[in-house]
Amino acid sequence: MQIESNFSLQKLNSFGFLSYAEYFVSVEDEHALSTAIEFALEKKIPWQVLGSGSNVVLQEFLPGLTIHMAILGKKLVSESATHFYIDCGAGESWHDFVQWTLESGYPGLENLALIPGTTGAAPIQNIGAYGAEVAGMIDSVEVLDTKSLQSTEANFAGDLSTQQNWQVIPKSECQFAYRDSIFKRELPAYVVTQVRFAIPKKWQANLSYAELANFFLHNKSPTPLEIFEAVIAIRSRKLPHPKVLGNAGSFFHNPVVDLATHQQLKEQFAGLVSYPAPDHFGEKQFKLAAGWLIDQCGLKGYRAGDCGVYEKQALVLVNYGNATGSEVLQLANHIKHCVLEKFGVSLHQEPINLPNGKV
Ligand SMILES: Cc1cc2nc3c(=O)[nH]c(=O)nc-3n(C[C@H](O)[C@H](O)[C@H](O)COP(=O)(O)OP(=O)(O)OC[C@H]3O[C@@H](n4cnc5c(N)ncnc54)[C@H](O)[C@@H]3O)c2cc1C
């Protein structure tokens, strides 16, 4: 295991922020992961996990040890009458994994094509797009549970690999919700090492998302590969590629409001863009399009120094060159303030702030 110091993370975050890790290590198996955490515990320094950095706002300096997840491997482990069970290492590229499942004859993940990031990070915020969420295909998540270590951290002098911290968490206990899970709520308690997928053998096209349905107006029975390619084409049109313009995808969640608030907003703002959301304890709820709210504040294309609001999609904040994590957070606060003043609605940030692991 090679621990480097003062390591540049500029190529390991999709915003392209200049950021340095005090210590850095890339882990390729469970043993390396436990050795890395033992190193941090023994040195009494903080540690954090980084996948491919496509959902984080990195500050200029990350104290302690940054652990880059690079555990690879994917295979069909078993099958039942109804499902294929597939294991995928946390460090595998999500998009490559989706493509591999299609090529191997296990379709079902095609709506989630081209989402940047690692497979281990997919359950953290329950990635979703084009009418699908990854939770729908997850069977269980293998983790290193570090909760018990956090209390014993002060006196740690043990061998992590022999402790009972490795767990398989079944989907029923993952508390998956819209861009949320137990892993996100309790960051950084669980380090995901592998995800087991349960892919139904009976494939059905998911064209519930209007834009995707429109794409297939003249093809009533698209194949999984056609849907995969359509999602790639639509996404490539809409979002800036991080290699061209640094960004972390949607910077804010679409806020969810109750029926009364929704009615009041509709009366006040005739063009309000909203969708029905799942009921909350029997109460009707609506999801508001955060990009529309930001746009209505006149902020689409707004620029503050080297960071700004993407001119084609107000939900995406971008780095035009030398912006820092702190500058993007300042811009985000300005946007939140404007939206709250105009609509009385609070926006919540999607990417996670490192080092503190919160939003
Ligand atoms: C252009 C663009 C488009 C995007 N589109 C979408 C979209 O359509 N839908 C969507 O849901 N998201 C989208 N995202 C967000 C992002 O792709 C996902 O959140 C992705 O899962 C992040 O993966 P990552 O490996 O880059 O995680 P990172 O950004 O490296 O990490 C994110 C958080 O997870 C933690 N983490 C990472 N790996 C692990 C692990 N193995 N164990 C424990 N904690 C871990 C990190 O500490 C951090 O807190 C988009 C991002 C970009 C840049």
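**View 1. Strands β6 and β7 pair in the antiparallel sense.** Five bridges join β6 to β7, which spans residues 83–89. Strands here are DSSP runs of E with at least two residues, numbered from the N terminus, and two strands pair if DSSP finds at least two bridges between them. Within this pair, Glu79 stands opposite Phe84 of β7. Strands of a sheet pair through backbone hydrogen bonds, either parallel or antiparallel. The model is predicted: local features need pLDDT of at least 70, side-chain atom pairs count only at pLDDT 80 or more, and totals for chains, interfaces and linings use all residues. Residues are numbered from 1 along each chain as its sequence is written, and side-chain values use heavy atoms, with hydrogens and water left out.

**View 2. Five strands form an open antiparallel sheet.** The strand order is β6-β7-β12-β10-β11. At the edges lie β6 (74–79) and β11 (166–170), each pairing on one side only. On average, neighbouring strands of this sheet are turned by 25° against each other, direction ignored. (Axes are lines fitted to C-alpha atoms, for helices over the stretch in contact; angles run from 0 to 180 degrees between N-to-C directions.)

**View 3. Ala248 is a buried residue in strand β13.** The strand covers residues 246–250. Ala248 counts as buried because its relative accessibility is 6%; buried means under 20% relative accessible area, exposed over 50%, and partly exposed in between (1.4 Å probe, protein chains only). Leaving out residues up to four places away in sequence, Ala248 touches Ser14, Phe15, Ser54, Asn55, Leu317 and Pro351, where contact means heavy atoms within 4.5 Å. Phe17 is 231 residues from Ala248 in sequence, and their C-alpha atoms are 11 Å apart in space.

Definitions and conventions: Helices (H or I, at least four residues) and strands (E, at least two) are DSSP runs, numbered from the N terminus.
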